[in-house]
Amino acid sequence: MKTNLMIVLLLSLYSCQPKSEEKVMNTTESNKIEISTAEFGSLDNEKVQLYTLKNKNGMEVKITNYGGIITAILVPDKDGKLDDIALGFNNLDDYLKPNPYFGAIVGRYGNRIADAKFSIDNKEYQLAANNGKNSLHGGVRGFDKHIWDAKKTQTGISLSRVSPDMEEGFPGNLSVTVDYALSDDNTITISYQAVTDIPTICNLTNHTYFNLAGEGSGSIADHQLSINADNYNPVNQSLIPTGISAVKDTPFDFTIMKKIGDNINDDHLQIKNGGGYDHNWVLNDGNGQKPAATVIEQLTGRKMEVFTTEPGVQFYTGNFLKDIKGKSGKTYNKRSGFCLETQHFPDSPNQPDFPSTILRPGDQYVSQTSYKFSIAKL
């Protein structure tokens, strides 16, 4: 990329700062999204904002520009009762403490990179090893631990930042934009874009933990799940993929909807390696038009469908949650939330048979994922 073009892009990304305590109604032909802003705290003498998106159905999504974290998602149940179905905290201070990436933008590389290193064009790069000997979710200070520039859009907010060359060991000045949009059919859409001036790798996702019965309501084992995938990535004991295998006749077969807990404790090597489910499913080609995954919670009737342009989805069942006090004062413990992190495959930079995550100057990283909420026909 030419230097002058990069400078223009960097300046444009840094030129959008929100004003505090604003409340506006943004309208398109199909959506009437109310967007309000409040201060959420401060970090290093910089104010952090909390944005609340609300549609005509009363659904609300709360997002902070610290880490692009989705702090709350309020959706109706079959009786119209709103509950918050996203695990998280009420204040910035709790997010600043060590936590399992509740609701955050994950980058520069979501998931694990083996031995915390990779090569591009025969040049090796060493990353921070923050997950045993591996790199996880962008390193010690990934995208989830930065304040992003933010501006309001017609249907939500647009977050942007420039990840400087060699941040956490990753090459290239990576200019990133992540747009959050809410629609009147109760869909949250997350759109990612990035460009670089030096060959690098890029794999962005969102790490929201869901419990469709409501955050703090206990185990997600009775949630019903289907995943549009005939294959998945088995892993070794450090959760690095060892290839691609069929889900048929394994606990990983969600091609037909079943309860998450049906096989989560099976005597199976992969269940033992993950402590439950913590694996990437290789999605069947749906071009973002078919649900990659569908989840139903029968007592509330809530249904969530996930649509994505990504080739994979990491299904994680909160196996490492323990004694975390959440928003309602209730404690999050093992398997009290699940994640469906749309992505390229873990350790792709070191596995040439996996879809490439290399981004080169002149190319653009583009990815989109939607979470659609409705009431299931039971």
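These legends go with close-up views of pockets, cavities and sheets in a predicted model.

**View 1. The largest pocket and the residues that line it.**
Start with the open space: the largest pocket comes in at about 240 Å³. Its lining is made up of 16 residues, and L136, H137, H207, Y209 and Y316 are the ones that lie nearest the centre. Sort that lining by class and you get 8 nonpolar, 5 polar and 3 charged residues.

**View 2. The largest cavity, with β22 in its lining.**
Searching the whole structure turns up 2 cavities of 30 Å³ or more. The largest cavity holds about 40 Å³ of space. Around it you'll find N111, R112, N233, V235, L239, P241, D278, H279, N280, Q314 and P346. Strand β22 supplies the largest share of this lining, with 3 residues. As for class, the lining splits into 4 nonpolar, 5 polar and 2 charged residues.

**View 3. The second largest cavity.**
This one has a volume of about 30 Å³. Its lining consists of G107, R108, G138, R141, G142, F143, S163, E167, E168 and F170. Count them by class and there are 2 nonpolar, 4 polar and 4 charged residues.

**View 4. An open sheet of 5 strands.**
Reading across the sheet, the order is β20-β19-β22-β25-β28, with antiparallel pairing. The edges belong to β20 (245-246) and β28 (339-343); each has a single partner strand, so one side of each is left without a neighbour in the sheet. Zoom in on β19 (residues 231-232) and β22 (residues 278-282), and you'll see an antiparallel pair with 2 bridges. In one of these, N231 has V282 of β22 as its bridge partner.

**View 5. An open sheet of 9 strands.**
Here the strands line up as β12-β13-β14-β15-β30-β24-β23-β18-β21, and the pairing is again antiparallel. At the edges stand β12 (149-152) and β21 (258-259), and because each has a single partner strand, one side of each is left without a neighbour in the sheet.

**View 6. Strands β13 and β14 side by side.**
Strand β13 (residues 156-163) runs antiparallel to β14 (residues 174-182), and 8 bridges join them. To get your bearings, look for G156, which sits opposite A181 in β14. S163, in the β13 range, also turns up in the lining of the second largest cavity.

Methods
Residues are numbered from 1 along each chain as its sequence is written. This is a predicted model: local features need pLDDT of at least 70, side-chain atom pairs count only at pLDDT 80 or more; totals for chains, interfaces and linings use all residues. Side-chain values use heavy atoms; hydrogens and water are left out. On a 1 Å grid over the protein atoms alone, a cavity is a set of points where a 1.4 Å probe fits but cannot get out, and a pocket is an open set with protein on both sides within 12 Å along at least five of seven lines; lining residues have an atom within 4 Å of a point. Grid points are joined across faces, edges and corners, and a volume is the space filled by probe spheres set on the points. Ala, Val, Leu, Ile, Met, Phe, Trp, Tyr, Cys and Pro count as nonpolar, Asp, Glu, Lys and Arg as charged, and the others, Gly among them, as polar. Two strands pair if DSSP finds at least two bridges between them. Helices (H or I, at least four residues) and strands (E, at least two) are DSSP runs, numbered from the N terminus.
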